[in-house]
Amino acid sequence: MNNYLTLNLGFAGWAEFVSPSIIAGNYKVVLHYIKDVTQRELFNAGTMTQFDLDDNQSIVYLYKGQPLLPMYDSVEATLWNKVSFENSGLHTFRITMRDINAKNSSTYHQRLDYLEFIPID
């Protein structure tokens, strides 16, 4: 829907969000994000990003191993294979930039689209 979020937070910069209400249960959590031609140098090594969902933490190398074409393609990364919520309610989600490129490059950014909570079990 062309409504992705572009983040340029610098090294150790972070953004925090509160989720809509999520029903109690077990979920696989997948991040959908956008490939960007200006970030093609990240496609080999990836860009280290930390994700926190309440007390769950995951460090993922976004963009790693992505082919050059097609550009501006939507890709996904699994953040957690299983997250359990004992009660229905709101949850805190934080993104922290952990890549040195975020400190050294003024054009560094990430284009994040949405989180998908896939019920499991």
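Trainee: Of the contacts in the protein chain with a separation of 6 or more, what percentage comes from residues 24 or more positions apart?

Mentor: Such residues account for 80% of those contacts. Keep in mind that this is a predicted model.

Trainee: Okay, and which elements are in the chain?

Mentor: The protein chain has 1 helix and 8 strands. Going from the N terminus, the order is β-β-β-β-β-β-β-α-β. The radius of gyration is 15 Å, close to the 14 Å from the globule rule for 121 residues, so the chain is as compact as a globular protein of that length.

Trainee: What box do the C-alpha atoms fill?

Mentor: Roughly 40 × 30 × 25 Å along the principal axes. Buried residues make up 41% of the 121 residues.

Trainee: Switching to the sheet: in what order do the strands of the open sheet come?

Mentor: The order is 1-8-3-6, with antiparallel pairing across those 4 strands. Strand 1 (5-7) and strand 6 are the edges, each pairing on one side only. From one strand to the next, the twist averages 35°.

Trainee: How many bridges join strand 3 to strand 6?

Mentor: There are 9 bridges, and the two strands run antiparallel. If you want a spot to look at, Tyr27 stands opposite Val83 in strand 6.

Trainee: Now the inside. Which residues touch the most other members of the largest nonpolar core?

Mentor: Tyr33, Phe51, Leu62, Leu79 and Trp80 do, out of 26 residues in that core. The elements giving two or more residues to this core are strand 3 (25-34), strand 4 (47-53), strand 5 (56-62), strand 6 (74-85) and strand 7 (92-97). Strand 6 gives the most, with 6 residues.

Trainee: Let's pick Leu79. What is it in contact with, leaving aside neighbours within four places in sequence?

Mentor: Its contacts are Val29, Val30, Leu31, Phe51, Ser58, Val60, Phe93 and Leu115.

Methods: Residues numbered from 1 in each chain as written. Predicted model: local features only at pLDDT ≥ 70, side-chain atom pairs only at ≥ 80, totals over all residues. Heavy atoms only, no water. Core = buried A, V, L, I, M, F, W, Y, C linked by side-chain atoms within 4.5 Å. Buried < 20%, exposed > 50% of the residue type's maximum accessible area, 1.4 Å probe, protein only. Contact = heavy atoms within 4.5 Å. Pairing = 2+ DSSP bridges. Axes fitted to C-alpha atoms, helices over the stretch in contact; angles between N-to-C directions. Rg over C-alpha atoms; globule rule 2.2 N^0.38 Å.
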